[in-house]
Amino acid sequence: MTLADKTVLITGSTDGVGRLVALHLAEAGAEVLVHGRDQGRGESLLAEMKAAGNGKGRFYRADLSSLAEVRGLAKTVLDNHPRLDLLINNAGLGSGPRREQRDESRDGHELRFAVNYLAGFLLTRLLLERLKASAPARIVNVASLGQHPLDFADVMLTRGYDGSRAYSQSKLAQIMFTLDLAEELAGSGVTATSLHPATYMNTTMVRQSGVSPMSSVEEGAEAILNLAVSPKLEGESGVFYNGLRPARANSQAYDLAARQALRRLSLALTGLS
Ligand SMILES: NC(=O)c1ccc[n+]([C@@H]2O[C@H](COP(=O)([O-])OP(=O)(O)OC[C@H]3O[C@@H](n4cnc5c(N)ncnc54)[C@H](OP(=O)(O)O)[C@@H]3O)[C@@H](O)[C@H]2O)c1
């Protein structure tokens, strides 16, 4: 696999499965745009890529709990990179060490919905024309098998908050967005797919939620890379994968009215409508 003339952006690549995916993409020769919140972790990954023979990487810092920072990240990428061949929306936080603790983003939105879903929604929309201009291009949304239907009367979970539900609704929202995007992008040469990478990988988010890891980041990275760069999946769009296999998501993902409601809400919350 050679990706020598490709530019890829992977959010949340300073830790966990995203970090390993970024390293593999760098090894394959891509210009990898590493994203995270911590300059030191970003630079240490760039140094590792360089030691492996690829000095093309760049690190961009942005806290995705702020829509202004998401906009800043998109602008920096658009200003610095004339093409974008692959966007992997991978950054996320788990259900948290204290599941009853409800937090909000800097914009006042429920934190998991904001970071895991809304930030990726806005980033993707802001980068979409650049992806189209670089077609064939791919968008991969790293979701989960943990999925909970959205209650449109209380998406911000102001009543009876539970971290696991918050995480799971944010992950289903990512999948609903992916299906919508795939329809919108039909014929454009840009594909949109989503997946559950692997179950309870040994990562910070899993350790923080007090669960014993059951799988490795290598397994999850293989599944993400499959959707991101496998020639076999050229042109595949709108699919949800469980690891390396196509799978069916929660039924709300296939409910057109629910997807429309989510799109309207997301456009309004991000100020795009
Ligand atoms: N672990 C699993 O078993 C599992 C299962 C299914 C799905 N997933 C999904 O896989 C993806 C990666 O998870 P992981 O297990 O690799 O997690 P992880 O090791 O905790 O890494 C999460 C990454 O997201 C970044 N991030 C978190 N909050 C952020 C924020 N507010 N702004 C910017 N970046 C932020 C982190 O940056 P910092 O380095 O700054 O912390 C880190 O790079 C997530 O979307 C997760 O939902 C994981």
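This is a predicted model: local features need pLDDT of at least 70, side-chain atom pairs count only at pLDDT 80 or more; totals for chains, interfaces and linings use all residues.
Reader: Nice. How many aromatic pairs does the structure hold?

Author: Four aromatic pairs. Take Phe 113 and Tyr 117: the ring centres are 5.1 Å apart and the planes meet at 50°, so this pair is tilted.

Reader: Where do Phe 113 and Tyr 117 lie?

Author: Both are in helix α4, which covers residues 111-133. They are four residues apart, about one turn of the helix.

Reader: And are they buried or exposed?

Author: Phe 113 counts as buried, with 0% relative accessibility. Tyr 117 is buried too, at a relative accessible area of 2%. Tyr 117 also pairs with Phe 121: their ring centres are 6.0 Å apart with the planes at 45°, so that pair is tilted.

Reader: What separates Tyr 117 and Phe 121 along α4?

Author: About one helical turn, because they are four residues apart in the helix. Phe 121 is buried, with a relative accessible area of 2%.

Reader: Which residues of α2 are buried?

Author: Gly 42, Leu 45 and Met 49. Looking down the axis of α2, the buried residues fall within an arc of 65°, so they line one face of the helix. Over on the other side of α2, Lys 50 and Ala 51 are exposed.

Reader: What do the buried residues of α2 pack against?

Author: Against α1 (16-27), β2 (31-36) and β3 (58-61).

Reader: What about the ends of that helix?

Author: At the start of α2, Asp 38 has a side-chain oxygen that comes within 3.1 Å of the backbone nitrogen of Gly 40. After α2 comes Gly 53, with a positive phi near 105°.

Reader: New topic: Glu 110. Where is its place?

Author: Glu 110 is in the loop between β4 (86-89) and α4. With 0% relative accessibility, it counts as buried.

Reader: What does the side chain of Glu 110 reach?

Author: The backbone nitrogen of Phe 113, at 2.9 Å. Leaving out residues up to four places away in sequence, Glu 110 touches several others, including Arg 102, Asp 103, Leu 157 and Tyr 161. Tyr 161 is 51 residues from Glu 110 in sequence, and their C-alpha atoms are 9.9 Å apart in space.

Reader: You mentioned Leu 157. What is its phi?

Author: Positive, about 50°, although Leu 157 is not a glycine. Leu 157 lies in the loop between β5 and α5 (163-184), and at 3% relative accessibility it counts as buried.

Reader: I'd also like to hear about Tyr 200. What is its phi, and where is its place?

Author: Tyr 200 has a positive phi of about 45°, and it is not a glycine either. Its place is in the loop between β6 and α6. Tyr 200 is partly exposed, with a relative accessible area of 41%.

Reader: What touches Ser 215, and where is Ser 215?

Author: Ser 215 is in the loop between α6 (204-208) and α7 (217-229). Not counting residues up to four places away in sequence, it touches Ala 198, Thr 199, Tyr 200, Met 201 and Asn 202. At 12% relative accessibility, Ser 215 counts as buried.

Reader: Last one: which peptide bond is cis?

Author: The one from Ala 135 to Pro 136, with omega near 5°. Pro 136 is in the loop between α4 and β5.

Terms used. Residues are numbered from 1 along each chain as its sequence is written. Side-chain values use heavy atoms; hydrogens and water are left out. Rings of Phe, Tyr and Trp (its six-membered ring) pair if their centres lie within 6.5 Å; planes under 30 degrees apart count as stacked, over 60 as edge-to-face and the rest as tilted. Helices (H or I, at least four residues) and strands (E, at least two) are DSSP runs, numbered from the N terminus. Buried means under 20% relative accessible area, exposed over 50%, partly exposed in between (1.4 Å probe, protein chains only). The arc is that of the directions from the helix axis to the C-beta atoms. Contact means heavy atoms within 4.5 Å. A polar contact is a pair of N or O atoms within 3.5 Å; within protein, one must be able to donate a hydrogen and the other to accept it, and residues adjacent in sequence count only if both atoms are side-chain atoms.
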